[in-house]
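Me: I would like to go through this model and ask what stands behind each label. Could you take me through it step by step?

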Amino acid sequence: MHSGESKAAGFSADFCIGAWLVEPSLDRVSQNGTVLRLRPQLVDLLVVLAQHAGRTVSKETILASVWAGQHVAESGMTRCIAEIRQALGDDAHEPTMIQTIPKRGYRLVAPVVFLEASPAPGAGGDTAPPPVSTEPIDPARGSDVPGQGPLRVPLRIRWTVGSILGGAALLAVTLGAIGWSRVPVLSARDTVLLADVTNTTGDPSFDGTLKLALAVHLGQAPFLHILSDDHVRTALTLTGRPASQAVAGPVALEVCRREGAAVLLAGSIARMGSHYAVGLEAIACNSGDSIAREFLDVESKEGVLTGLETAAARLRRKLGESRASLSRYDVPIVRATTPSLEALRALSLGDLNRDHARLGDALAFYRRATELDPEFALAWARRGAAAGNLGLPEEATPAFRKAYDLRDRVSEAERFYILGHYYRFVADDPDKAVET
């Protein structure tokens, strides 16, 4: 549900929360020249809280207002609150914006001022701007008018025929020069569910490996926020399914909706004679409609990872990522991970065992991954973490050091992962680890 048409909002008037200006029709907030794009669900949630400023809004009310007609888990709403706090610089423990009311809901404690557009001069409105109160607002009290909520301040907008025609002419010239640009499918803070890759080749070396490679590649994109495996497992449990169940097809779509994600990314690989067909599809979680897809014919098994990378890069562009961002965050999959499918398979099996608390088995797979490809930086970091958790510092320390030496091969997210562990366990610099 887009905030510009939100049933939660009921209107698209701009408003201020403390020093932040919220513009629902643009899905953004701004303060002192800093402009942040938020995904529509976050803006709708802010609108609901603002309409009840100073009062507790129950979780049921928020779910019914922001995700009307959708089955969204409470954890999805909690994550949205956390994203809003992060964007606005709020602290859950000492809130100045949003206060959590345990077992009940949330309360907006910052001052709220709605800005309403009033008629332009000559359209029946007054010619003098109305007075604006400069008195501080008590969020628990709302406005000074009994029975009203947040203070509403009319915002006078003046449009002239000349400015409208001039703007239209400028827009026409601009579009003529650069062509019609694609409207981004995803906003800056949308959440994406990465489904398990459907493998019909019969080759187990693709099981788990392609999803892991996709996660590493797509994780580079600053505007793609991939739903964590922990959230996915929790959602599966809440639906009565085992946490180990494959997340694909209708199950993936159900998880996507429950967690309030915007898009489901589904991958597939099939054999076509001696070739492989690699596919990626983006599906809108709300409607289940396909919104973008990429299919490639790959000549050999060795070229599957590169083909997957090409398809993923094209899909990122279709989903709204800029060319500049693609150029900057485009570490090749085989460099960020490994050109060896067997090593990648070992890493994915290590992660699977780690996620189910089988650290001994996980460490064995991580060792195997580093044996198959000694330049596999992420595998060395995983090996160090597993060894450290098993109380094997004599193995963990050199593994972290090896990963650190290879840190320039990986993408930015994996580099931070490696640096954090290195500073904590090798350099013994907890402050630097926390900073990283």
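This is a predicted model: local features need pLDDT of at least 70, side-chain atom pairs count only at pLDDT 80 or more; totals for chains, interfaces and linings use all residues.

Reply: Gladly! Helices (H or I, at least four residues) and strands (E, at least two) are DSSP runs, numbered from the N terminus. Residues are numbered from 1 along each chain as its sequence is written, and side-chain values use heavy atoms, with hydrogens and water left out.

Me: Why is Asp27 called buried?

Reply: Buried means under 20% relative accessible area, exposed over 50%, and partly exposed in between (1.4 Å probe, protein chains only). Asp27 has a relative accessible area of 3%, so the label is buried. Its C-alpha atom is separated by 6.5 Å from that of Arg39, twelve residues apart along the chain.

Me: What makes Lys301 and Asp203 a salt bridge?

Reply: The term asks for a side-chain nitrogen of Lys or Arg within 4 Å of a carboxyl oxygen of Asp or Glu. In the pair Lys301 and Asp203 the closest N and O atoms are 2.9 Å apart, and they form a salt bridge. The two residues are 98 apart: Lys301 is in the loop between strand S15 (290–298) and helix H8 (304–318), and Asp203 in the loop between strand S11 (198–199) and helix H5 (209–218). Lys301 counts as partly exposed because its relative accessibility is 25%, while Asp203, at 14%, counts as buried. A search of the whole structure finds 18 salt bridges.

Me: Why does the pair of Glu294 and Lys318 tie together separate parts?

Reply: Their side chains meet in a salt bridge, 2.8 Å from N to O. Glu294 lies in strand S15 and Lys318 in helix H8, so the pair joins parts that are 24 residues apart in sequence. Glu294 counts as buried at 10% relative accessibility, and Lys318 as partly exposed at 29%.

Me: How do you know that Arg233 and Asp230 are separated by about one helical turn?

Reply: Both are in helix H6 (residues 229–238), three residues apart, which means about one helical turn. Arg233 counts as buried because its relative accessibility is 19%. Salt bridges also link Asp230, Arg233, Asp351, Arg354, Asp355 and Arg382 in a network.

Me: Why is the pair of Phe400 and Phe425 called stacked?

Reply: Rings of Phe, Tyr and Trp (its six-membered ring) pair if their centres lie within 6.5 Å; planes under 30 degrees apart count as stacked, over 60 as edge-to-face and the rest as tilted. The structure holds five aromatic pairs. In one of them, the rings of Phe400 and Phe425 have centres 5.4 Å apart and planes at 10°, so the pair is stacked. Phe400 lies in helix H14 (residues 393–405) and Phe425 in helix H15 (residues 412–425), so parts 25 residues apart in sequence are tied together. Phe400 is buried at 2% relative accessible area, whereas Phe425 is partly exposed at 42%.

Me: Which aromatic pair do Tyr404 and Tyr422 form, stacked or tilted?

Reply: Stacked: the distance is 3.7 Å centre to centre, with 10° between the planes. Tyr404 lies in helix H14 and Tyr422 in helix H15, so this pair ties together parts that are 18 residues apart in sequence. Both tyrosines, Tyr404 and Tyr422, are buried.
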